[in-house]
Amino acid sequence: MSEKTPKIDNEVIIYNLNRIGNQIFRTLPTREEGLDWIKPLETLSIEIAGLVNLYPNNENLLTLLCKIKGLLSEEVDFFLFRRTIFECCSLTSKIKKDFSS
């Protein structure tokens, strides 16, 4: 963390990662039901980009952001979308472990 980055309690980050993981997972039924799933993913990409700015050395955060950004297209096949959502949920769990230690 740089000198300008505020010290954030890891419990707060883990809480937010739990929330982000849940929101990522919720995009699956949202897309299946034909509802707007793009706006929630756009919002998540903004939040994750903020975390990447705070913790630029966390490779898993950057990977998560890239996967979420890659899903922001209606042309992504549903089965690829589904698989990538599960990968993102797994990445979120890995990131939580990074902040647990």
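Looked up Glu87 to start: in this predicted model its relative accessible area is 29%, so I put Glu87 down as partly exposed.

Next I checked what Glu87 pairs with. Lys67 makes a salt bridge to Glu87, and I noted 2.7 Å between the closest N and O atoms.

Then I turned to Arg83. Arg83 also has a salt bridge with Glu87, with 3.6 Å between the closest N and O atoms. Here both partners belong to helix α4; Arg83 and Glu87 are four residues apart, about one turn of the helix. Through shared partners, the salt bridges join Lys67, Arg83 and Glu87 into one network.

Another pair I looked up was Lys39 with Asp36. Their side chains meet in a salt bridge at 4.0 Å, N to O. The cut-off is within 4 Å, so I kept the pair on my list. How exposed are Lys39 and Asp36? Lys39 has 55% relative accessibility and counts as exposed, while Asp36 is partly exposed at 41%.

Last, I wanted the total. How many salt bridges does a search of the whole structure find? It finds four. My entries here cover several of them, including Lys39 with Asp36 and Lys67 with Glu87.

Terms used. Residues are numbered from 1 along each chain as its sequence is written. This is a predicted model: local features need pLDDT of at least 70, side-chain atom pairs count only at pLDDT 80 or more; totals for chains, interfaces and linings use all residues. Side-chain values use heavy atoms; hydrogens and water are left out. Buried means under 20% relative accessible area, exposed over 50%, partly exposed in between (1.4 Å probe, protein chains only). Helices (H or I, at least four residues) and strands (E, at least two) are DSSP runs, numbered from the N terminus.
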